[in-house]
Amino acid sequence: MFIDHVTIHVKSGKGGDGMVHFRREKFVPLGGPDGGDGGRGGNVIFEVKATLNTLSAFRPNEKFAADPGKNGGGSQMTGRGGKDLIIYVPPGTILYDAETGDLLGDLTTPGQQLQVCKGGRGGLGNQHYATSRNQAPRTAERGEPHEEKMIRLELKLIADIGIIGLPNAGKSTLLAALTNAKPKIGDYPFTTLEPNLGVAKIDEDTTVVMADIPGLIEGAAEGAGLGHDFLRHIQRTRVLIHMIDGQSEDPLADFTQINNELALFDPNLAMKPQIVALNKIDQPDVQERLKTIKASFKKKKIELFTLSAMARTNTRDILIAAHQKLADMPIEEVEETLPVYKPDVDPNVFEVTREDDGNWRVTGVAIERSAKMTYFEHDGSLRRFQKLLERLGVDNALREAGIEEGDTVFIGSFELEWKD
């Protein structure tokens, strides 16, 4: 099944916890602190894989998680780092933050990578807190928390040549005639319900990728028919073969209608080079009108190619003409809206609020992260956290807000009791 957009949940690995440990060996008195550091959590990385051409490997709201780091051990042993999670996507995949709508990246080149969630760093063991005045510190850090995001993936197929036109114009038949693709073919509208890709051979050393785009109808740019979901794929193609049904009542009107839909969806689409191809010339009724049809296009100064995709008449000529236009074009950089980098919020900024039940809540990036990384069961770590509250100004802010002895303060998911 062809899928070109999906939303998934990704989570990096939490950092491993540092350890409070003291060296205890026979004949080694006062061995001192030797608690090891936690390992780094794994990152979440998206990577382009050339052999993929759909997002069907993903399920909506599927969850992906990198490995967490291992905890530190005694004898200054550092925990093992978590393995990075690499998620493979097809070329042409665009990543958005599903909650904010921000563009995270546009992955087009095989092997290109994008890190979307950074693994938490490992917490420090008590070996780092030994000083001349405190030679037996009971202080360590828990690992840094993970990062998580909802990511919206959108795929725009990357093809050299795209085949467009109204339903039942013969697009899939042409693709089958020129490439190794085996699309579904029928004599009713909307036979093609999803884009098909194929590779066409120009000569021994040259091939091009062709895409058959599902039929467009009037109003496609506003969501009518199937076109709205697949118009985005035309944006990645460099040259278009515009298939026209020779048995249509007014082939020129069909040509104009499709170009209008392209321009409505994206003005740049109507500017792409086109090979205009009239199909089904093997049919007697088309042969009778062929001279009139050619004259109508010539009057508009539009070069018209003729073919029969079913009989494979002139199909090779259409391919060569499209490839020639491709060769004459300069290689374009894929233009996409660049991510907007906003200045990071000062992590030390915090806010003190009083909740309806009379309890206090402190929110802020640094203070909440530090709470998660604190061993509250160790006196040394608890004193270190209290010093951080003082340094950030949380203590003074709570006093100015009117906190009293015995009040409850929430920092993240942690519940603390206020004592002066």
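**View 1. Arginine 312 in the loop between strand 14 and helix 5.** Arginine 312 is found in the loop that runs between strand 14 (304–306) and helix 5. The model shown here and in the following views is a predicted one. Most residues other than glycine have a negative phi. Arginine 312, in contrast, has a phi near 60°, a positive value in a residue other than glycine. Its relative accessible area is 51%, and exposed means over 50%, so arginine 312 is exposed.

**View 2. Serine 75 in the loop between strand 3 and strand 4.** Serine 75 lies in the loop that links strand 3 (63–65) with strand 4 (85–89). The phi of serine 75 is near 55°, which is a positive value in a residue other than glycine. Because its relative accessibility is 53%, serine 75 counts as exposed.

**View 3. The largest nonpolar core.** In soluble globular proteins, nonpolar side chains tend to be buried together. The largest nonpolar core of this model has 24 residues, and those touching the most other members are Leu174, Val208, Met210, Ile241, Met243 and Leu319. At least two residues of this core come from each of strand 9 (161–165), helix 1 (171–178), strand 11 (207–212), strand 12 (239–245), strand 13 (274–279) and helix 5 (315–328). Helix 5 gives the most, with five residues.

**View 4. The hairpin of strand 5 and strand 6.** Strand 5 (residues 93–97) pairs with strand 6 in the antiparallel sense, over four bridges. Isoleucine 94 has aspartate 106, in strand 6, as its bridge partner. The two strands form a hairpin with five residues between them, and glycine 101 in the turn has a positive phi of about 80°. Strand 6 (residues 103–107) is mostly covered, as four of its five residues are buried.

View 5. Strand 17 (residues 408–411) pairs with strand 18 in the antiparallel sense over four bridges. Within this pair, valine 409 has leucine 416, in strand 18, as its bridge partner.

**View 6. The contact of helix 6 with helix 7.** Two packed helices are described by the angle between their axes and the distance between the axes. For helix 6 (residues 365–372) and helix 7 (residues 379–392), the axes come within 11 Å and cross at roughly 175°. Angles over 145 degrees count as roughly antiparallel, and helix 6 and helix 7 are therefore roughly antiparallel to each other. From helix 6, Ile367, Ser370 and Ala371 meet Phe385, Leu388, Leu389 and Leu392 of helix 7. The residues of this contact divide into six nonpolar, one polar and no charged.

Key: Residues numbered from 1 in each chain as written. Predicted model: local features only at pLDDT ≥ 70, side-chain atom pairs only at ≥ 80, totals over all residues. Heavy atoms only, no water. Core = buried A, V, L, I, M, F, W, Y, C linked by side-chain atoms within 4.5 Å. Buried < 20%, exposed > 50% of the residue type's maximum accessible area, 1.4 Å probe, protein only. Pairing = 2+ DSSP bridges. Axes fitted to C-alpha atoms, helices over the stretch in contact; angles between N-to-C directions. Parallel < 35°, antiparallel > 145°, perpendicular 65-115°, else oblique. Contact = heavy atoms within 4.5 Å. Nonpolar A, V, L, I, M, F, W, Y, C, P; charged D, E, K, R; others polar.
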